[in-house]
Amino acid sequence: MARPFTPKVITANDLLEGDVIYFKADDSWTRDLSQAELIVDEAEAQLRLLEAEKQNISIVGAYLADAKAGANGPEPVHFREDFRRKGPSNYSHGKQEAAAHV
Amino acid sequence: MYKYNAFDEAFLAERNAQFRAQVERRIDGSLTEDEFKPLRLMNGVYLQLHAYMLRVAIPYGTLNSDQMRALALLAEKWDKGYGHFTTRQNIQYNWPKLPDIPDMLDALGEAGLHAIQTSGNTIRNTTADHFAGAAADELTDPRPFAELIRQWSTDHPEFQFLGRKFKIGITGSPNDRAVVKAHDVGLRMVERDGEIGFEVIVGGGLGRTPMVGKVIRDFLPQPDLLPYLESVLSVYNVLGRRDNKYKARIKITVQENGIDKIRELVEARFEERRHEFDGTDQELLAEIKTHFAAPQFRSGDTSAYDAAYNNDPVFRAWADTNLAEHRDANHAIVTISIKKHGDTPGDATADQMRVMADLAEELGYDELRISHQQNVILPHVHKNDLPVIHARLKDASLATANIGLISDIIACPGMDYCALATARSIPVAQEIATRFDALKLEHDIGHLQIKISGCINACGHHHVAHIGILGLDRAGVENYQITLGGDATETAAIGKRTGPGFAYDEIVPAVERLVDAYMGLRTDASETFLETYRRLGMEPFKTALYPEAQKKVA
């Protein structure tokens, strides 16, 4: 039996800055996972990925990453995606640095 | 030190101009990522977890003060104020923006540095003994040969699309500080009948299939170096597998075909190739050698050093761990630890880089080295200058006295940065160093190498550590396997796995249990961890690591 589909977000890296970005329901990109579109249907996920890849001129390496619904939007399932969401653990760089400056 | 000539400068400027145009074409959409990726990799540009990463070669680990300042400039102007020195004598910048990278490469070019062939399936930066030209035990300085290899391999048309990457390491000393047996080709200078030549080792490597290299030629005369290397590469290029990325390195080619068959093929190819070399390479080598003439070492007594050593215990502790024997009795080799307890192994800030550059310029014959152990070296220092150097290093948080000790840990970037990683390495290293610093035990523990990799590719050299740690992803959770008994020197050995791995919060206590066991088992303080392991084997350490399992058996 096929494994049940788990919810996904589409994520990639920005072409110029290289930082982690997420695909939103309105076909734009956000730096913030909680703003991403959570896709719960497998067929829809493939279509949305194709839609995201239309913007390959300004993004790199879009893929579907497991995510779950949280109180404030999608949250990571795997620790790798958690690091991508936050930044490294040895310095407050990356997204955690950006957040500290808000 | 090698100084670029007009040809080198023009070549590099043209190459950088080409890459600038390639970046522009990617940004304006003329190139797809699939087209651009191999081009950026050829110039050391990776895309990692959070950002691009630029890997800059430090050829055979040698820098002058201006080059170190150029590295500081890049860190400050286009990155986040620091750089990360790696196990392959490279420096990595973790946060460059793509449009800035051509400017970074131009700034490097002005200092005689580049990022060419720091990635991709080509011949990578040739690494060398970081004490080259200074060590008391050295036959001859291997760096002119390494520079010859750099020039020969850069843009070599036959070897731009190898089956996989290809790493060469070289040492001029019988004591191997360059891990040459874990390279695709290792070159070890040996003496026979009064002539110095190379022992050529092939098929070593770490990664998912760790292997100690095998001797393919026990004595290669110096003039035959390039034709012989070209023959090894040529045989590999034809015979190496291209159907499976994980079986593509030359270590697998050697394993599958046998060293005897490889040797036979290489020797046959060598007979063909050597005639194509008309002596131009030897003229070039002779010219290169003039750049590496040893400095005029200052004479004079060492009374200031002796006084500091006898009167200042902090200086003495540092001198005991961080100095190595120089070939001139009044000089010493200084290893500057960039492993302060709790800091990221291998990271130096722009300010620290400038302090080290200034010390090299003022008191170190303008030479610096980067070691595969992720530290910085002042290879030539008159002993009387050591107290001043120590004081200035202390002011810059660079005077940690831990070289060769448990906190002198090699750690790859791991999942804090690397797109390939399966677990974190850096925080594990930070916590081990902090823990043993708090216990105030590390000088008592003595020589002990811990090396940590955040994935099976083994950039952190965990296979050749006395205590190796490999971070894996087990069902979505970080898990760390331990290996014991690895050795990175001329008696190279691959460590053996102890058993099941440990969770992130269990790994530091596990290391502590291992060290406690060693302290109880060693004959006396002169027996190192590795020697105790070799004497007693795995069992007592397993008992210490897995007390629960032992109880079940009992």
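Three bridges link strand 11 of chain B to strand 12 (residues 331-336) of chain B, and the two run antiparallel. Strands here are DSSP runs of E, at least two residues long, and helices are runs of H or I, at least four, numbered from the N terminus. This is a predicted model: local features need pLDDT of at least 70, side-chain atom pairs count only at pLDDT 80 or more, and totals for chains, interfaces and linings use all residues. Residues are numbered from 1 along each chain as its sequence is written, with chains lettered from A and ligands numbered from 1 in the order in which they are written.

**The sheet**
- Five strands of chain B form an open, antiparallel sheet in the order 3-14-15-12-11; strands pair if DSSP finds at least two bridges between them.
- Strand 3 (62-63) and strand 11 (323-325) of chain B are at the edges, each with a single partner strand, so one side of each has no neighbour in the sheet.
- A324(B) sits opposite I333(B) in strand 12 of chain B.

**Chain B overall**
- Chain B has 19 helices and 21 strands.
- The C-alpha atoms of chain B fill a box of roughly 65 × 60 × 60 Å along the principal axes.
- Of its 554 residues, 53% count as buried, with 20 or more other C-beta atoms (placed from the backbone) within 10 Å of their own.

**Contact with chain A**
- In chain B, 24 residues are in contact with 22 residues of chain A; contact puts C-beta atoms, placed from the backbone, within 7 Å.
- Helix 14 (residues 426-439) of chain B gives the largest share of the chain B side, three residues.

Definitions and conventions: Two residues are in contact if their C-beta atoms, placed from the backbone, lie within 7 Å. A residue is buried if 20 or more other C-beta atoms lie within 10 Å of its own, exposed if 12 or fewer, and partly exposed in between; C-beta atoms are placed from the backbone.
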